[in-house]
Amino acid sequence: MRKTIAVINLTLDGVSDHTAGITDRELHQHYTALLNESAVILYGRTTYELMEYWREILEKPVDDSSMNSFAQAIHHIPKVVFSHTLRNCSDMWETAQVATRSPEDEVKALKKVANKDILVGSPSLIIQLLNLNLIDECQFCIHPVIAARGARLFDSVSRRTLLKLLKTKILGNGSVILYYEPVSNHSTG
C-alpha cells in the first residue's frame, strides 16, 4: 500500500530549519534515491520557494555530482504546493501545481491514484497531517547539531503520538535517519 511519508531534517534540539543541518554527498544521495522512488512530494509555499535553489543548480550544474543528481530528482518529481497566496507555481517548476483541495482531501485522493509513496516535505504540512492521523511513516534525519534557536517541528502537535521505530540509517557525518511508524494517538488530557 502507498504510504504518506513525512521527510524532514532536524537538529538534536528539534529545529527544522533547512540551514541548521549538515549536508553532504551521502545525504544528497539518500534524498535523491527517496525522491526517485516516490510518486509526489507535498510542500507548503515557504518550503517550495526554498527549493528554487535547486532549480539554479539544475540550470548551472556544480562540481558536486550528488547535488546535480538531487536537483534532477527534485525537478522530475511532481509537486503539490499548499498556499493561500500562490495562484500558479508552474513558472518555477513545470512539475508543480497549487493544491485545489485541503491537505486532508489531497492526501486521501493521492492515496487512491498514486502508484508510489507520497512524500511530505514541509514542517507545517507534516504537523497538519500528523494531527489528522494521515502520516504512515516518519523519516527524521537527526543532525548532530544543537541549533539553540529556530522553529521546532513538534511545537504545534495537538496530541501525544506514539511512534514505533522501524529502522535506522547512520550516515558518515554522524546524522541518523530514524524511520518511525505512528502507532496510536492518545489525548494528553
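**Close-up views of a predicted model**

**View 1. Glu106 and Arg101 are joined by a salt bridge.** Their side chains come to 3.1 Å, N to O; a salt bridge here is a side-chain nitrogen of Lys or Arg within 4 Å of a carboxyl oxygen of Asp or Glu. Glu106 is buried at a relative accessible area of 2%, whereas Arg101 is partly exposed at 41%. Buried means under 20% relative accessible area, exposed over 50%, and partly exposed in between, with a 1.4 Å probe and protein chains only. Side chains of opposite charge can pair when their charged atoms come close. In the whole structure, a search finds 8 salt bridges.

The model is predicted, so local features need pLDDT of at least 70 and side-chain atom pairs count only at pLDDT 80 or more, while totals for chains, interfaces and linings use all residues. Residues are numbered from 1 along each chain as its sequence is written, and side-chain values use heavy atoms, with hydrogens and water left out.

View 2. Helices (H or I, at least four residues) and strands (E, at least two) are DSSP runs, numbered from the N terminus.

**View 3. Strand S3 (residues 79-82) is covered on both faces.** Lys79 and Val81 on one side, and Val80 and Phe82 on the other, are all buried. Strand S2 (residues 38-44) pairs with S3 in the parallel sense over 4 bridges; two strands pair if DSSP finds at least two bridges between them. Ile41 has Lys79 of S3 as its bridge partner. S3 also pairs in the parallel sense with strand S4 (residues 96-98), over 3 bridges. The bridge partner of Val81 in S4 is Val98.

**View 4. Asn68 sits in helix H4 (residues 65-76).** Asn68 is buried, with a relative accessible area of 18%. Leaving aside residues up to four places away in sequence, Asn68 touches Ile57, Pro61 and Val62; contact means heavy atoms within 4.5 Å.
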